[in-house]
Amino acid sequence: MEQSVEPAVVRMSRFAMACNFEVLLWGRQRDYLEAAAQQALEDVRVLEGQLSAYQLLSEVDQINAAAASRPVRVSPQVFGLLEQAIRISTETGGAFDITVGPLVRCWGFYQRSGRVPSAQEMETARAVVGYQHLRLHHKSMSVSFDAEGVEINLGAVGKGYAVDRIVEYLVSLGIPGALVDAGRSSSYALGTQPAGEAWRLGVEHPLDPDRRVAVLSVSNVGVSNSGPTQQFFEADGVVYGHIIDPRTGWPAQGILSAVAIAPTAAESDALSTAFAVMGVEATRAYCEAHSGVRALLVPRPQAGDRVAPVAVGLNEQELEWMVL
Ligand code: AMP
Ligand code: MG
């Protein structure tokens, strides 16, 4: 008689890229799954050594140190990620921009002590912000800046990229299902849960982490969440969040939380940041023009009003609203 074997489920996590990476995977052999999860998480450390703007001699650090004076050669992975970042900048009309660092700094967010900058500080920063300052040289696989003071930071896309690399590795091992998450802000749902259902991901209420506004049922997509409530300060009754509109230099205002669903976690990561800047109508236009991309946005309510989330492109099977 044939015996049905319960699949093994393994969950493992590790701190990297300033957040907790977690892998939940299932399959037939526990030992095999544990070794896979361990290796996948170790590889994130290697990626961090390439992508971090804060690690001395990382590829990004080397770019920032020298690309204003000469083209800096980079690995194929970093080159590909830069190409993807620039493509998303173009497609979002500059709402997503990996050169936004000088503005993030002048609003005090790198120092974690927010303040409203002077008009002069903001002008100085704006002069060196803009993905148009980046030059990618395909033949030599190198990158240069067209001005002194330009810098790149992959903070809004790197975690999603790392999640994709983990997923790629798990797929290469034949793992049938996994949920890979970075810092509860970017994840990828590979395959299904052991019993064949889609993975279920809760969407947090941006003003009350104990509640959810919705649950998404998804499979083989990246899901990311961005919003000013993750880091902000208040001055003269106005709340300023860490997501900056690179085109105006000011923190994005209208959206409390933006969830993006996309074919990869790098895309969903970059797009959730962009959607928090773009607001509902521009996000809707983006999703209509890009198949496979959908969103859930929570606009900032008027004082006294309840939050009223907006779904863009999500169907009934994927989206279940929670009673608010
Ligand atoms: P995320 O949590 O993925 O939305 O990334 C937010 C972080 O990316 C911020 O803390 C900033 O360091 C940086 N950032 C802020 N605004 C933007 C933007 N418009 N495009 C790209 N990166 C940004
Ligand atoms: Mg992001």
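Student: In which loop is the place of Met 141?
Tutor: The model is a predicted one, and within it Met 141 has a phi near 45°, a positive value in a residue other than glycine. Most residues other than glycine have a negative phi. The place of Met 141 is in the loop between strand E4 (134–137) and strand E5 (142–145).

Student: Is Met 141 buried or partly exposed, judged by its relative accessible area?
Tutor: Buried residues have under 20% relative accessible area and exposed ones over 50%, with partly exposed in between. Because the relative accessible area of Met 141 is 26%, this residue is partly exposed.

Student: What is the relative accessibility of Arg 112?
Tutor: Arg 112 is placed in the loop between H4 and H5, and its phi, near 55°, is a positive value in a residue other than glycine. Exposed means over 50% relative accessible area. Arg 112 counts as exposed because its relative accessibility is 66%.

Student: How are the planes of the Trp 107 and Tyr 240 rings set, and what is the pair called as a result?
Tutor: A search of the whole structure finds eight aromatic pairs. For Trp 107 and Tyr 240, the ring centres are 5.2 Å apart and the planes stand at 40°. Planes under 30 degrees apart count as stacked and those over 60 as edge-to-face, so the angle of 40° makes this pair tilted.

Student: What kind of aromatic pair do Phe 275 and Tyr 286 form?
Tutor: Phe 275 is buried with a relative accessible area of 0%, and Tyr 286 counts as buried at 6%. Their ring centres lie 5.6 Å apart, with 65° between the planes. Since an angle over 60 degrees is required, the pair formed by Phe 275 and Tyr 286 is edge-to-face.

Student: Which helix gives the most to the lining of the second largest pocket?
Tutor: This pocket has a volume of about 160 Å³, and its lining residues divide into seven nonpolar, one polar and three charged. Helix H1 (30–51) and helix H6 (158–172) each supply at least two residues of that lining. With six residues, the helix that gives the most is H1.

Student: Over the ring of which residue does the charged end of Arg 165 sit?
Tutor: Arg 165 is one of the residues that line the second largest pocket, a lining that also includes Asp 43, Gln 50 and Glu 168. The charged end of Arg 165 is 4.7 Å from the centre of the ring over which it sits, and that ring belongs to Tyr 161.

Student: Which residue in E9 does Gly 202 stand opposite?
Tutor: Strand E8 (residues 199–205) and strand E9 (residues 208–218) run antiparallel and are joined by seven bridges. A hairpin of two residues connects E8 to E9. Across this pairing, the residue in E9 that stands opposite Gly 202 is Val 215.

Notes: Residues numbered from 1 in each chain as written. Chains lettered and ligands numbered in written order. Predicted model: local features only at pLDDT ≥ 70, side-chain atom pairs only at ≥ 80, totals over all residues. Heavy atoms only, no water. Phe/Tyr/Trp six-rings, centres within 6.5 Å; stacked < 30°, edge-to-face > 60°. Buried < 20%, exposed > 50% of the residue type's maximum accessible area, 1.4 Å probe, protein only. Lys NZ or Arg CZ within 6 Å of the ring centre and 35° of its normal. 1 Å grid on protein atoms, 1.4 Å probe; cavity = no way out; pocket = protein on both sides within 12 Å on 5 of 7 lines; lining within 4 Å. Points joined across faces, edges and corners; volume = space filled by probe spheres on them. Helix = DSSP H or I, 4+ residues; strand = E, 2+ residues; numbered from the N terminus. Nonpolar A, V, L, I, M, F, W, Y, C, P; charged D, E, K, R; others polar. Pairing = 2+ DSSP bridges.
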